[in-house]
Amino acid sequence: MSSYNNLEEYNIKITNEIKDRYSTILEEIGEQADREGLLKTPERAAKAMLFLTQGYKQDAAAILKSAMFHETYNEMVIVKDIELYSLCEHHMLPFFGKAHIAYIPKGKIVGLSKLPRIVDVFARRLQVQERLTEQILDCINETIEPQGVAVVIEASHMCMMMRGVQKQNSVTTTSGFRGSFHKEETRNEFLKLISSKLS
């Protein structure tokens, strides 16, 4: 697996195969795939799907390791309000929201930009929010071996908003904790800090 890919590079053979399947889908739902407005839709949809699922070809642990540094700092590090966009694996409809990540170092820190990057790696796969939370949590915990890690994700799911129960204002929150964040005091400090607005 490579850590980084040019987002505009697409395998022509795979893109064309997906494009042909989208053309068939358009016809099956009653559209005319050869009408002007849809002529390039199958190709665009194929490239969009490859972009939205590029996380399968990326290695989150390698991304963290690419910017890991030895430091003595041992207090909480938080990156909050990380935008995320993913596809629900049940209906392949989007869910989107934000992730909040904290860790307490134990001799090693990582470049702050790497935490949003690994959110993208796992979000750009067919997902459920619960698994996404666990994958981010476990990747950080296993790669940099901190004293503790915490992840909270808040997201809105189009599969609930556009279809099914059609509840437009619902938000799903998932959380996970490892190590020192199992202590109530530490966990509460994290939850307080991600809910506060700094002036």
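How many disulfides does the count come to? With a disulfide taken as a pair of cysteine sulfur atoms within 2.5 Å, the count comes to 0. Cysteine 88 is accordingly in no disulfide, and the nearest cysteine sulfur, that of cysteine 159, is 4.1 Å away. Cysteine 88 counts as buried at 5% relative accessibility, and cysteine 139 counts as buried at 8%. Here buried means under 20% relative accessible area, exposed means over 50%, and partly exposed lies in between, with a 1.4 Å probe and protein chains only.

The structure is a predicted model, in which local features need pLDDT of at least 70 and side-chain atom pairs count only at pLDDT 80 or more, whereas totals for chains, interfaces and linings use all residues. Residues are numbered from 1 along each chain as its sequence is written, and side-chain values use heavy atoms, with hydrogens and water left out.

Helices (H or I, at least four residues) and strands (E, at least two) are DSSP runs numbered from the N terminus. An open sheet is formed by 5 strands in the order β5-β2-β3-β6-β7, with mixed pairing. The edge positions are taken by β5 and β7 (172–179), each with a single partner strand, so one side of each has no neighbour in the sheet. Two strands are said to pair if DSSP finds at least two bridges between them. Strand β6 (residues 148–157) and β7 run antiparallel and are joined by 8 bridges; alanine 155 has threonine 172 in β7 as its bridge partner. Helix α4 (residues 114–123) packs on the sheet, where it touches β2 (77–88), β3 (94–104) and β5, and its direction makes about 20° with that of β2. For such angles, axes are lines fitted to C-alpha atoms, for helices over the stretch in contact, and the values run from 0 to 180 degrees between N-to-C directions.

Valine 77 lies in strand β2 and is buried, with a relative accessible area of 14%. Beyond residues up to four places away in sequence, valine 77 touches Ile101, Ala102, Tyr103, Pro105 and Leu112, contact meaning heavy atoms within 4.5 Å. Glutamine 127 is placed in strand β5 (residues 126–127) and is buried at a relative accessible area of 1%. Its contacts, leaving aside neighbours within four places in sequence, include Cys88, Phe95, Phe122 and Leu132.

Helix α5 (residues 129–144) has 16 residues and reaches 23 Å from its first C-alpha to its last, close to the 22 Å expected at 1.5 Å a residue. The expected span is 1.5 Å times one less than the number of residues. Among the buried residues of α5 are Leu132, Ile136, Cys139 and Ile140. Seen down the axis, the buried residues of α5 fall within an arc of 160°, so they line one face of the helix; the arc is that of the directions from the helix axis to the C-beta atoms. Glutamate 145, which follows α5, has a positive phi near 50°.

Helix α1 (residues 12–28) has 17 residues that should span 24 Å at 1.5 Å a residue, and its end C-alpha atoms are 24 Å apart, in agreement. The buried residues of α1 are Thr15, Ser23 and Leu26, which cover an arc of only 80° around the axis and are therefore on the same side of α1. These buried residues pack against α2 (41–52), while the face turned away from them carries the exposed residues Lys13, Arg21 and Glu28.
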